[in-house]
Amino acid sequence: MKRPSTLGKNIERIDAWAKAEGTAQYGADIRLNNMLFCKNVYSERAHAKLLAVHIGEAEKMPGVVKVVTGKDIPGAKMFGELFRDQYALACDRVRYFGDVIAVVAAETQEQANEAAKRIYADYEDLPVLASPKMAMESDIAINPEYPDNICGEVHVNKGDSEAALKEAEVIVKTNYKTHFVEHAYLEPESVTAVPSPMRDEVTVYGSMQAPYNARISIHRMLNIPMSQIIFKPSTVGGSFGGKIETAEANAIRVSLIALLTKRPAQVTLTRDESIRESYKRHPIEFDIEIGAKKDGTMTALRMLSILDAGAYINMSPPVAYKTAVLGVGPYNVDNVHSCSTAVLTNNNHTGSMRGFGTPQSIFALENTIDTLAAKLGMTPTEFRRKNLLRNGDVSPCGHLMDFHEVSIVEVMEKAAEAIDFDRKFKQYKEENKDPKRRVRRGVGISTSMRGASVGADGNGFDVARVLIEVMKDASIHTNIGLVEIGQGLRTVQMMMVAEGMGVKLDRVTLGETDTSRSPATGACIASRGTMLGGGAIADACRSLKLILNQGLSMKYGDDIGEVTYEDDRVRFGEYDLSFDEVVDIAYGYNLTPAAIGTYAIPITDWDEEKGYGEPFYSYTYSCHAAEVEVDLDTGAVHVVKMAGCHDPGRIINPQFAEGQIYGGLTMGQGMALIEDLGHSDKTAAISNLNFNNYLLPTAMDVPDTNEPILNGHPDPRSAFGGRSLGEPATEPAAAAIACAVNMALGKPGAIKELPFNLERVMEIAQEIDKQRDVDAASAAVDKA
Amino acid sequence: MSNIKLSFILNRKPYTVETDPGKRMLDVLREDLGLMGTKEGCGVGECGACTVILNGKAVTSCLVLAGQMQDAEILTIEGMRDDEIGRVIQECFVEGDAVQCGFCTPGFIMSAYALLMENPTPTRDEIRHAIAGNLCRCTGYIPITNAIEKAAKTLAK
Amino acid sequence: MKIRNYIQVKTVEAFHEAAKAADGPITILAGGTDVLVNGREDDVYKDCTVIDIFPVEALHGVCETENMLLIGACTTHEAISHDPLVKQYAPILAEACGAVGSLQTRNRATIGGNLANASPAADTMSALAVLHAELVIERDGEARVEPMTAIFTKPYKTNLAQNDLITTIRVPKQSPNVRYDYVKVGRRKVLSISRMTVATLLEMDNNGVVTRFDMTVGATFPRPMLFPDISAMLVGKRPSEQDIIGVAKALSDKIPEIAGIRKSTIYKQPVCRNISERSLRKLFADILK
Ligand SMILES: Cc1cc2nc3c(=O)[nH]c(=O)nc-3n(C[C@@H](O)[C@@H](O)[C@H](O)COP(=O)(O)OP(=O)(O)OC[C@H]3O[C@@H](n4cnc5c(N)ncnc54)[C@H](O)[C@@H]3O)c2cc1C
Ligand code: FES
Ligand code: FES
């Protein structure tokens, strides 16, 4: 195989300097002549009929230019990526506290804020369904199309789990629960819409992760041709899956205002508004049962999960898909039943967030596995070593794993070794028996296999496109619509173009994402950026080389034979030309070296009815290991070290890959221990609306010793060998910490609900103390 | 309230602006002066994205009143480019991949700058303390700590 | 933030003049870390004349008399936590101030503002309580001295008039023999509002007999409190393991007694007991041996 030229090297991010100098333009940094500033007015009810919105007083306030409500939307009233069930501006109903009932546009932000305070509405209250349980029991439908409030159901069936559980020699049956988690991108949403003076056209800037989808919504709702809706996402200040629907809703509103007023309009959410309106990670309740033989062979797995979809369907069905098919883990188990049900409620809707339904299921699964291992007298690594998938095994969903290196065992060993898991597990287990020890130590480990790209529930829809043009100066200009959200994607795209064309990296230029220049390419979601973007780039490069070859044939004759593009040189027969010469030749014959590349993930053999087959085209393997200290006096958990080992296929840029892992570990730590929106399962309100009570890990909370480990095996199923890492980097982290805390407490699987905050840990600590006192008393009696 | 005249030194140059003293310093920088490098992530002092240096100390500019800029010496991210120490910090951030989405970056660079002005040879723990008031959701902090450590070493040479 | 008027003063006298001259309500502004957060959304300061006292040099810094440390009300938490006099004569306060927020916050937030804001979770309160600190308060040029604990009425409320200016926090100098411990329990390592603080200060004679003992819990009661009955449990004694367990229990039993039984009591009462025991064991380590 030829040596890759740029791939595998630490190439500096193309946008790092602008960001470090503070000149990179984020949504809220845009200032335009004559621009209006907007303010959203949010619903005061979680569930109600919206009878009237009173805007008269606001319209008279100084500086106010326009107030819009649902009535002003000329076209379809609802949008949604997969299901169109969400109002951008509520019309007859509000379904959660983040619904927007009106938007004020004024000359200054202060004026808009002032006027917004004067808008009020008449509501007719409806019962608030603040949990899936309430919603399933209620005869009130949040969305009339889903009378039982169930908006998605996915199952997996392999073998006969019921029979296998009956036969199992050892069984653990338990349940777990997870909470709402905020993406907490540091940049709150900001969107600016600029109308064209020439025609019905808007150009939208701002924090947008999925511009092509938003274009469709604006087209449908504002009745303008798709070609006249142009999205140019600004630098995005973090997303993690979070800058899709909320940003889109805001884009629709400001575009409406821009078109009505013929003036640019901008909305920038405050952090409180962002948390109030934006969708979250799904809270999920799990019932889980695992059976094994006495020798530790895992024989059966049943996992039932109920996801809180919140007020809108959003991404719930595909999230449920991943919870069901990936939640069963990378284990070799013959009998599996997994069923995920998504339920509409009046909570914040829930959607894409890094991990997409799996950090929750991994938490439930891995804690159950630890419980089972303890029952079997095995250590966590012994059990996993015995049961993890190997080359040629059939995955829990029925996928025959014979198409790439199934490296999960190796990945686990490396993560375990990085924290010296086996030794510490023994040592801590022993030392924690000392009843006088108040600070206990523990280690935990968790594994995952993550489908790269959308998966079989999107069979046939998962496509990426790119437009590449070789310029007359032999630079290679690339237009691709997969948005940079901080992960380094654009730099990686450039590296792949250089690789694909066999030229040096500095020939490659990249246009800012612009939907009017780059062909539609779907969103930068679902771990698809590298693999799909790479596929499209490879395709375009192939076409470009054919065009350039055509020029060579015209000049040197038809029989030039095979042409290779490598090391910035073009070689055929005895010729060895520079890339510039070849480009000159092509232009000399009036050829057009421009090409659109397309890549669609092949359709996989997944039987949705049965719930069996190939749920994804390929997978990334991951393992996180954590060491913690738990203070029995306060319930405080101190994370000592985390290690994350991943096999994301070929490592295209090691430094970026490590950056993803560092960040992913930290996000998992927050989810495991401190992040909490303060959601009320009575009122559906969330109380922690800013970073003073929605707590993220700080530099002092994150261990300085965290260790990313790359264990890449290039994937034959991916154009450049790379799969995905962004999501896997956080998937198993919360579970690893949870397992470690439970181990420290001497009770595998004990804490059932995330986050493991002071109170929940303290509850178990007190049980331990009570037991200690009982033991001491009985010891005293024995003595007497 | 009505505007007053505020004079201060910003990035080593004298400025006078007429503005509402009840505004936040963050808004004076961004709106009155168009210096967009200082970011707003929370508005309540918790994220550090708005960090600037006020009379030699790192502060969150969302919690300083415009009036309090009177006669002050202020440094923002825009002043780092032409500052020897600032430039080195920026270089180390870029090289060390301490920048992902970048929204937190100006704040971190200002905190790093304040630290290195006061303590040119910080330990890793001192660095972590100094940046604990800056949240980053992307990097997991270690690349940032590495970058600041490297900047200190580079500057010591 | 909407305000009626903004006045910056450079001397205490100028403050009094400005306060007198202002018509309508006034708000004192020091570091602003509470004021700007409160004033963010609602128009709480809309009708207020804001008098900025941060530039008053006389209110910054720490000096000493024979028995007292005099801490200017505008001294920041960061300055106090590194102040050599405070570290020498009242190290527990240096620790408490160092535990506040982040560096950026500590660089602005003042000790006077921390007290006047009267948040029950304010980190300096438990430390100042066990130090028996006093406040010098000036109104219209007239100064009075009050025990620190006396100004608080309920959460976020003091009995200070709007033109009452805390000028100085007076802290009795502690001898080198004084032992102390300050524990903060928060949800994360830094930048976290306390779930609880436990502050302890004590002195013993050469025989290990306790001559002075103060211990209190912060972020738990409506206002900072001292407990003579708790102090009496150890004073005059050479403490045993049993005494320590007794004190910790008595102190934690104050929680339901004073704050009532709330959801948080389930957590706070046992934690208070545990960390009190831990603190006392540490402080009496040599005696208990
Ligand atoms: C991000 C963040 C984190 C924080 N973390 C903590 C923490 O961990 N622990 C903690 O205890 N606190 C914490 N706080 C709050 C703390 O910063 C404030 O309580 C601070 O000490 C108040 O001082 P200031 O100078 O900023 O007060 P200001 O906001 O200026 O004023 C506060 C109040 O006191 C009044 N006032 C101020 N000075 C005087 C005076 N001399 N005489 C009379 N009245 C006066 C003002 O009128 C106002 O009502 C945090 C705040 C923030 C923003
Ligand atoms: S915006 Fe100032 S600290 Fe977050
Ligand atoms: S780089 Fe994104 S928040 Fe720090």
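**Entry 1. Asn149(A)**

I began at Asn149(A), which sits in the loop between helix H4 (132–137) and strand E9 (150–158) of chain A. Helices (H or I, at least four residues) and strands (E, at least two) are taken from DSSP runs and numbered from the N terminus. The model is predicted: local features need pLDDT of at least 70 and side-chain atom pairs pLDDT 80 or more, while totals for chains, interfaces and linings use all residues. Residues are numbered from 1 along each chain as its sequence is written, chains are lettered from A and ligands numbered from 1 in the order in which they are written, and side-chain values use heavy atoms, without hydrogens and water.

I looked up the backbone angle of Asn149(A): phi is near 65°, a positive value in a residue other than glycine. I noted beside this that most residues other than glycine have a negative phi, and that most peptide bonds are trans. Is Asn149(A) buried or exposed? Asn149(A) is buried, with a relative accessible area of 0%. Buried stands for under 20% relative accessible area, exposed for over 50%, and partly exposed for what lies in between (1.4 Å probe, protein chains only).

**Entry 2. Helix H6 of chain A and the residue after it**

I turned to helix H6 (residues 211–222) of chain A, which has 12 residues. From its first C-alpha to its last, H6(A) reaches 16 Å, close to the 16 Å expected at 1.5 Å a residue. The expected span is 1.5 Å times one less than the number of residues.

Which residues of H6(A) are buried? I listed Pro211(A), Tyr212(A), Ala214(A), Arg215(A), Ser217(A), Ile218(A), Met221(A) and Leu222(A). These buried residues pack against strand E4 (78–79), strand E12 (202–206), strand E13 (229–233) and helix H7 (245–261) of chain A.

Asn223(A) follows H6(A) and belongs to the loop between H6 and E13 of chain A. Its phi is positive, about 55°, although Asn223(A) is not a glycine.

**Entry 3. A cis bond in chain A**

I then checked the peptide bond between Leu754(A) and Pro755(A): it is cis, with omega about -5°. Pro755(A) lies in the loop between helix H18 (733–744) and helix H19 (758–783) of chain A.

**Entry 4. Chain B with chain A**

I looked up how the chains meet, and found 43 residues of chain B in contact with 49 residues of chain A. Contact is taken as heavy atoms within 4.5 Å. About 4000 Å² is buried between chain B and chain A, with carbon and sulfur atoms giving 58%. Buried area is the accessible area (1.4 Å probe) that two parts lose on being put together, summed over both. In chain B, the most area is lost to chain A by Val94(B), Arg128(B) and Arg137(B), together 21% of what that side buries.

How many salt bridges cross between chain B and chain A? The rule finds 7, a salt bridge being a side-chain nitrogen of Lys or Arg within 4 Å of a carboxyl oxygen of Asp or Glu. I noted the salt bridge in which the side chains of Arg87(B) and Glu21(A) meet (2.5 Å, N to O).

Helices H1 (25–32), H2 (84–95), H3 (105–118), H4 (124–130) and H5 (142–156) of chain B each give two or more residues to the side that touches chain A. The largest share, 5 residues, comes from H2(B).

**Entry 5. Chain C with chain B**

Here I found 27 residues from chain C and 32 residues from chain B in the contact. Chain C and chain B bury about 2200 Å² between them, 58% of it on carbon and sulfur atoms. In chain C, Leu36(C), Gln104(C) and Arg108(C) lose the most area to chain B, together 29% of what that side buries.

The count here is 1 salt bridge. Arg188(C) and Glu46(B) meet through their side chains in a salt bridge (3.4 Å, N to O). On the side of chain C that touches chain B, strand E1 (5–8), helix H2 (35–38), strand E3 (49–52) and helix H6 (103–108) give two or more residues. H6(C) gives the largest share, 5 residues.

**Entry 6. Ser126(C)**

I ended with Ser126(C), in helix H8 (residues 123–130) of chain C. Ser126(C) is buried, with a relative accessible area of 3%. What is Ser126(C) in contact with, leaving aside its neighbours within four places in sequence? I wrote down Tyr182(C), Thr197(C), Ala199(C), Thr216(C) and Gly218(C).
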